[in-house]
Amino acid sequence: MVNVNNVSKTYQEVKVVDGVSVHIKKGKITSFIGSNGAGKSTLLSMVSRLIPKDEGSVLLDGEEITSYDNRELAKRLSVLKQSNNIKVRITVRELVSFGRFPYTQGKLKDEDKKLIDESIHYMNLEAFEDRFLDELSGGQKQRAYIAMVIAQDTDYILLDEPLNNLDMKHSKQIMKALRRMVDELGKTVVIVIHDINFASCYSDHIVALKDGKCVYEGTTEEMISNDVLREVYDMEFNVCKIDGNRICVFFT
Amino acid sequence: MGYNKKLVLLLSLSVLSIVLFVFWDIGEYWDYALPRRLEKAWAIVMTGAAIATSTVIFQTITNNRILTPSLIGFDSLYVLLQTAIVFFLGGGTLVMMNNQFHFLLSVGLMVVFALLLFLFIFKREGKNIYFLLLIGIILGTFFSSISDFLQVLIDPNEFLIVQDAMFASFNNTNTELLLLGGVLLLCATLYLLRYAKYLDVLSLGKEEAVNLGVDYDGVVKRLLGIIAVYVAVATALVGPITFLGLIVANVAHEVFKTYRHNYLIPGAIFVSIFSLLTGQWFVEHIFTFSTTISVIINFIGGIYFIYLLIKENDAW
């Protein structure tokens with residue numbers, strides 16, 4: 001359980017995140033939605049200690065996140081940001097091996113290698129494992145990074161726009177993999193996501209941000225409704241039920 | 001070719017260059033020449049290793065292969081320190097000053113500068129490594145302008161003393177400082193070994209390093225301090241060699257094509273030793289001391305730098 005209490009962040013006198021309180025439930029997928037500049041990524045970065053917060057607290061299983069030991073925290077919570085323009089020559093397998101760093105500090109044992117193999121298998125990357133990262137497509141690269149996070153084997157996984165720049169097929173693959181990680185491995189996943197229909201079909205819990213404030217928070221059924229979405233995005237939605245999923249129509 | 005094979009090849013090249021440098025045309029008075037040549041070779045090996053290591057680490061921290069420590073003003077600070085001593089205390093002071101004391105003073109001031117630069121910028125929030133670099137480049141220009149200004153004002157005879165300290169040359173290496181420099185480098189290297197395991201992770205970038213449980217600010221601060229010691233020792237021994245680090249770090253990256261520092265750093269050290277010793281051999285036997293090695297290094301390095309800028313034009 002992650003409790004975010006009254007967290008704020010100010011950049012040059014603009015409150016990007018303004019007193020947000022959110023509860024992230026264990027064993028669920030929680031999606032942060034909202035327009036550009038609503039503060040989703042900033043909130044995610046503060047929850048994952050990538051940037052310091054100005055006010056408030058983030059409690060991971062009851063303890064403030066910044067008081068954790070760096071290495072211990074890296075065994076419990078992992079985070080993946082959207083800009084992964086890596087400049088070093090590194091193969092997929094080597095990247096995934098880095099996921100074991102918090103445990104091994106660089107010296108891989110047999111059980112680590114087994115976990116790395118499993119992570120590569122989990123993301124269907126066996127065919128690419130010896131290819132260099134800069135030779136891969138955006139979707140393959142994203143899967144390699146997610147495989148690294150799986151190898152890191154943390155209870156909490158935070159992802160900032162994992163579908164960014166991916167086509168529909170790869171987006172679906174990534175979301176299905178995240179769903180399986182929650183259902184089969186018992187992970188807790190938090191994502192920042194722009195595609196409202198992917199959020200609707202795959203998440204358990206949705207948090208809506210607007211102008212740095214949390215305007216709505218609830219289960220997917222409560223959140224994917226015409227009234228809530230109109231308020232969050234300032235535009236008209238038409239939520240339809242298709243094959244048991246709530247699909248938002250807003251294109252025309 | 002495997003990484004180990006390449007490393008052995010580079011090692012043999014550098015050993016070969018040491019042998020060439022020490023024994024070529026040694027003549028019949030070898031009992032006079034040999035200790036002097038060995039001393040010089042030792043100074044070159046130390047300088048080469050220090051510049052190579054500091055540049056590779058610096059490029060890893062900044063995730064950029066065009067930047068070097070001299071770019072954030074480390075070299076120009078050294079020149080400013082020497083100029084300031086001559087300007088305020090007179091040329092006699094630099095000549096008379098206890099060499100070891102002067103050396104430790106320079107190294108100490110440079111480490112303090114590196115840490116101040118770091119603390120000043122990193123204590124203010126939202127600032128990143130690029131801001132640090134920008135400030136460093138501006139400070140570097142500022143330091144050289146002040147040095148120029150002071151040099152114009154001083155007596156021409158005293159200017160010669162400053163000039164002597166400003167240009168890299170192994171012909172007038174400070175052999176007295178070899179032992180002290182060696183001890184300092186050894187201490188810095190032992191300290192570096194404790195943080196070496198983080199280097200590979202740092203090459204993935206700041207966010208990945210934090211995600212993987214690295215105390216980013218603490219580790220980068222210590223690494224910058226170590227870099228400052230390396231640069232200070234190398235500069236105090238022979239003077240600034242701007243482009244050497246750039247060349248050797250990039251050659252090491254090209255040869256090994258990996259992120260692993262247990263290959264990159266030794267590789268860069270061997271390339272550095274090889275190029276310095278063969279360069280110095282050319283200076284002594286082909287150009288018969290009509291030029292200094294820094295001219296050669298800066299000539300080749302400058303061309304390589306332009307090549308890098310053109311080649312990597314759209315890659316960064």
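This is a predicted model: local features need pLDDT of at least 70, side-chain atom pairs count only at pLDDT 80 or more; totals for chains, interfaces and linings use all residues.
Residues are numbered from 1 along each chain as its sequence is written, while chains are lettered from A and ligands numbered from 1 in the order in which they are written.

Domain 1 of chain A gives 11 residues, and domain 2 of chain A gives 9. Contact means that the C-beta atoms of two residues, placed from the backbone, lie within 7 Å.

Look at the domain 1 side. α2 (70-74) and α7 (168-185) of chain A each give two or more residues. Helices (H or I, at least four residues) and strands (E, at least two) are DSSP runs, numbered from the N terminus. The largest share, 4 residues, comes from α7(A). By class, this side has 7 nonpolar, 2 polar and 2 charged residues. Nonpolar means Ala, Val, Leu, Ile, Met, Phe, Trp, Tyr, Cys and Pro; charged means Asp, Glu, Lys and Arg; the others, Gly among them, are polar.

Next, the partner chain. In chain A, 20 residues are in contact with 19 residues of chain B. On the chain A side, α2, β6 (77-80) and α4 (101-104) give two or more residues each. Which element gives the largest share? That is α2(A), with 4 residues. The chain A side divides into 12 nonpolar, 4 polar and 4 charged residues.
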